[in-house]
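Here are a few exercises to work through with the model open beside you. Try each task yourself before reading its solution.

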Amino acid sequence: MAILTVEGLHVHYGPVEAVRGVSLSIEDGEIVALLGANGAGKSSTLNAIVGLVPTHQGQVGFKGESLVGLATEQLVRLGVTLTPEGRRVFGSLTVEENLLLGSMPLGKSADRRKQNLERMFDLFPILVERRQQIAGTLSGGQQQMLAIARSLMSSPKLLLLDEPSLGLAPQIVDTIFDQIVALRDSGITILLVEQNVAMSLEVADRGYVMAAGSIVTSGTAKELGSSHLIEQAYLGHQ
Amino acid sequence: MEVFIQQTINAVSLGGTYALLALGLAIIFSIMGMINFAHGELMTITGYSLMYCGLVGLPFVIAAPFAILIAVVAALLMERIAFRPVRNSSGATLLVTSFAVAVILQTLFQNLISPRSQAVILPDMLAQSVHFGSLSIGINQILSITITLVILVLLNWFLRHTILGMAMRAAAEDFSVTRLMGVRANAVIAGAFAISGALAGVAGVLWVAQRASVDPLMGFIPVLKAFIAAILGGLGSLTGAVAGGFALGFIEIYLAAYLPDHIQPYREALALGIVIFLLLLRPNGLVPAFNVGREKV
């Protein structure tokens, strides 16, 4: 069953059309990569799904429910969340405070909050040591882990990851991608936006390729990896 | 030496009031990117509430918290009626809206109450002073300093140890991501206005307690000073607002106390000159906000 369906999504910024009629669907338990060059409209698509930018036209359905028109703070409670590009951890708050804020969609359940906190500390041991540290003083890789952990604190069914490897050392990128696979194995569906095409196709089940606001090709990771469609999309020959 | 201690107490007292007002401005600015110039009118509303409470004979210990509550309600109404509809507009729109709210309220005070200054009945105790050797300290100054410190400690506790406080600190840094955490934008902004209203209310009570009168334009000068204090401290930074408030209080009081008589007419200009000089040294303020230059809401 498709957990997320996007049909004919349009996003405008003033007169600029960033996303022009994107349609995609994600099955429960998949990792789907959304690839494309800078400015192709990948982040705008993610931001529109979670309501951070308005959808001008089109439908977004999550488990059969329409997300269009819901405020971001409402729809994260349904089990969708986004780890934004550039990490955007709350730099003046401690690691633990960042995580606690992430658990707010759970409501008042203190038990689940504590349980999730313990789980995040298991998943990202570095965060235990840094628990009381101000998040702005963490390294880039640690901030990325914190950003992902913060998203996971709400026990999402669907996690949208925007450029998790951006600006990180290759070794850290490996760790992050290992964790993405582990998350999928624990039952979380993932939509991954990445510049790192090779790594993405290694972990993803399927992929979509965007150029100039539209989807130009899609297929299984294997198909995309062995064809020249991606290079063409990046170079602009469609 | 005694004069110096006396003046320092004056400075802490005045600086504390500026700090409370600047904090109120900074909390709203840090979250919405708006300078609320109608903040001073919340003070004035507090003053009129005190005046009416005095007229019906309510004792001050009940009147003061009641007047602060009225300021909180007024701040929440301001947000709901005037600022929410323009929340996502440009900074200029927000600024002009806040000026409009200020002018509308001032006009209402003038037409519905009186354009003239009104006396506020205060307990005699406030006007008395305590003597320490040759030093005499006004009760209202002691109260003002104590209350300011208590409020600062409470606010700090609220921001660090409650979930709404944490959400407000997060929202000040990155509003969109805070919404991704499931925090309701309306709740955070209303919370910010409630706190800013309470701070204006407390400052209003302290201001009126020193002067025993209230007039329609009472809030304008203090809020202008608070605005200068907030900029001096680092616009959007709460610690900065407190630092800026006290700094401005000290600058003003010491200039008034120690400047030779023939230079006194230039006191205000000199005070602002010092502020400009400090800003030249520290362009982002004494304690810059964490996210200087980032987009709001």
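**Exercise 1: the sheet of chain A**

Find the residue that A:Gly61 stands opposite in β5(A).

Solution. Step one: A:Gly61 stands opposite A:Ser66 in β5(A). Before going on, note that this is a predicted model, in which local features need pLDDT of at least 70, side-chain atom pairs count only at pLDDT 80 or more, and totals for chains, interfaces and linings use all residues. Residues are numbered from 1 along each chain as its sequence is written, with chains lettered from A and ligands numbered from 1 in the order in which they are written.

Step two: β4(A) and β5(A) pair in the antiparallel sense over two bridges. Strands here are DSSP runs (E, at least two residues; helices are H or I, at least four), numbered from the N terminus, and two strands pair if DSSP finds at least two bridges between them.

Step three: the open sheet has four strands in the order β2-β1-β4-β5 (chain A), with antiparallel pairing. β2 (16-27) and β5 of chain A are at the edges with a single partner strand each, so one side of each lacks a neighbour in the sheet.

**Exercise 2: the largest nonpolar core**

Which residues touch the most other members of the largest nonpolar core?

Solution. A nonpolar core joins buried Ala, Val, Leu, Ile, Met, Phe, Trp, Tyr and Cys residues through C-beta atoms within 7 Å. Of its 164 residues, A:Leu192, B:Ala22, B:Ile31 and B:Ala71 touch the most other members. Helix α1 (residues 2-32) of chain B supplies the largest share, 16 residues.

Finally, leave aside neighbours within four places in sequence: B:Ala22 is in contact (C-beta atoms, placed from the backbone, within 7 Å) with residues including B:Ala226, B:Gly233 and B:Gly245.

Methods
Buried ≥ 20, exposed ≤ 12 C-beta atoms within 10 Å, placed from the backbone. Contact = placed C-beta atoms within 7 Å.
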